[in-house]
Amino acid sequence: MTLLCHGLPAWEALQTHHREQMLSMDLRAAFAQDGARLASLSMQAPHVFADLSKNLWSAETERLLRDLARQSRVQEKRDAMLAGAAVNCTEERAAMHWMLRMPRDGGLLQHNAVRQAWAVAMEEALAEVHETRAAMLALAEQVRADDSITDIVNIGIGGSHLGPEVVVNALEDWVDTGKCFHFVSNVDGHELGHVLRKVRPHSTLFLVASKSFTTAETMLNARSARQWFLDQGGSEDPAAACSIDRHFVALTSNVQAAAEFGIRRTLGFWDWVGGRFSLWSSIGLPIAIAVGARQFQAMLDGAHAMDAHFFTATMDQNLPMRLGLLDVWYRDFWNFSSRCIAPYSHGLRRLTAYLQQLEMESNGKGVTRDGQPLAVKTAPVIWGEPGTNGQHAFFQMLHQGQDVIPVEFIALRDGGKYLGAHHQSLVVNAIAQAQALMVGRDGEGAEKYCPGNRPSTFLLLQQLDPAALGALIALYEHRIFVSGAVWDINSFDQWGVELGKQLARQLNARLESGDWNGVDASTLGLMQRLTATQAC
Ligand code: F6P
């Protein structure tokens, strides 16, 4: 049994440090006393500049957090992931999403320390990754060149939806096909129905995206789409002009299930790619169709630059490490239960939803990798909306509410197509909010009082291009790995989600059979209301 993190000497040292030095910390005073605070608590990582100086910590806090990382063997766990070990222990799988970004010559493998950790057998996996991607990019280019296809409908949920959706939205300025992209995830038929009203079978390509090819929502949506396609004149005959073969592609690691469903064109990937880490795999086909092979590659290269940084930079200059440790600091020593993510970018409007799955599904766990109950808190609630919209909704509570909620601002130096007044106003607002949270307001009456001293992190990208976006997403993946490693949890499984899926299956079956034996009274009451003849 491994020692739980709260039993480590560094944990106790951090508790003392928090109680004796940090509880009374005032950010305004910290800046006044230390002219070098901004420089020492900010850094440039690949494609991402991070200002960490407006956080409730100090150089001493970071030093103690690095001790905690060493004592909880974060670097060894990171290197085990890199060596292809089965770090997803409950499912006995490796977690090698970073390999999907690795150049054929190994890229970061050129670093000696990394080469030592790298298992030779992984060479084969890397070769397969490149072969599969070549097939995916070739298909993307073929679809891009095919003017008869005007609409791409991606049917998938969770990681098979959020990643492609966030990236296609974010890279709007880079989309150079005239095609329309639609994302259908919810089992609520309105979503699919809404899309189907806008498209025609002979000009639509359906992508059925599901790692497992068993997810109930995706399978039902895919079946309904298929039926609509046939009802509208499509054909099961592969020789027909408007055939399933030509208009449906499966993106899955369960090729057999896709074939049984009747889809023969399949792009695969591997069980070592977790669903929420899969946008870099065949699941990224809609992205590749939208921006083309070259820009898809640029996104992978940006992510790889962040991988190389994470796997090789020293802990004090390693941004995913610093952020992951900051997350533990806030969750467990300050007891902050949520983190607000505010991207000041319309392109990043779906980023928070994507990061919710990434962080909460990865680290929302209560036991260690060897099954010991944790006495400390793990994933915070991740929430937020793009700026400046959020300012006119929930920022009031961030400024004057009684809970302290760290905010993460994400902004762009270069606004792309919409420079000038719009972009200036956008970025200035982000900086002003970070400033307002810190400086607060006093002396104008109790109602207008804003306490200030509220923490925030500011991430700045040069522009929202494929490389920067790739780096940003990889930064979050690794940061989540770091906090998960300190807590010693398995960040790569999701058994809680499975419970809901299982119970929904059982309730559907009970509806069919009418057998309600053993169902709890509350659930039974709701089911009876659902099936009652009179309206509720
Ligand atoms: O929601 C749980 C989950 O298992 C996610 O981890 C995953 O991204 C999603 O369902 C979809 O799974 P699949 O790609 O297998 O359809």
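A cavity is a set of points, on a 1 Å grid over the protein atoms alone, where a 1.4 Å probe fits but cannot get out. A volume is the space filled by probe spheres set on the points, with grid points joined across faces, edges and corners.

This is a predicted model, in which local features need pLDDT of at least 70, side-chain atom pairs count only at pLDDT 80 or more, and totals for chains, interfaces and linings use all residues. Residues are numbered from 1 along each chain as its sequence is written, and side-chain values use heavy atoms, with hydrogens and water left out.

**Exercise 1.** Find the cavities of 30 Å³ or more, then describe the largest cavity.

*Solution.* 
- Step 1: searching the whole structure turns up four cavities of that size.
- Step 2: the largest cavity holds about 110 Å³ of space.
- Step 3: look at its lining (residues with an atom within 4 Å of a point). There are 14 of these residues, with D327, Y330, S338, R339 and P406 nearest the centre.
- Step 4: α14 (319–333), β8 (338–343) and β10 (407–412) each give two or more residues, and α14 has the largest share, four. Helices (H or I, at least four residues) and strands (E, at least two) are DSSP runs, numbered from the N terminus.

**Exercise 2.** Work out which residues line the second largest cavity.

*Solution.* 
- Step 1: its volume is about 60 Å³.

**Exercise 3.** Show how the buried residues of helix α5 are arranged, then follow R78 to its contacts.

*Solution.* 
- Step 1: in α5 (residues 74–82), V74, K77, R78, M81 and L82 are buried, meaning under 20% relative accessible area with a 1.4 Å probe, protein chains only.
- Step 2: look down the helix axis. The buried residues fall within an arc of 145 degrees (taken from the directions from the axis to the C-beta atoms), so they line one face of α5.
- Step 3: pick out R78, which counts as buried because its relative accessibility is 6%.
- Step 4: trace the R78 side chain, which reaches the backbone oxygen of F310 at 2.8 Å.
- Step 5: list the contacts (heavy atoms within 4.5 Å). Skipping neighbours within four places in sequence, R78 touches F310, F311, T312, A313, N318, M321 and F481.
- Step 6: step past the end of α5 to G84, whose phi is positive, near 85 degrees.

Methods. Buried means under 20% relative accessible area, exposed over 50%, partly exposed in between (1.4 Å probe, protein chains only). A polar contact is a pair of N or O atoms within 3.5 Å; within protein, one must be able to donate a hydrogen and the other to accept it, and residues adjacent in sequence count only if both atoms are side-chain atoms. On a 1 Å grid over the protein atoms alone, a cavity is a set of points where a 1.4 Å probe fits but cannot get out, and a pocket is an open set with protein on both sides within 12 Å along at least five of seven lines; lining residues have an atom within 4 Å of a point.
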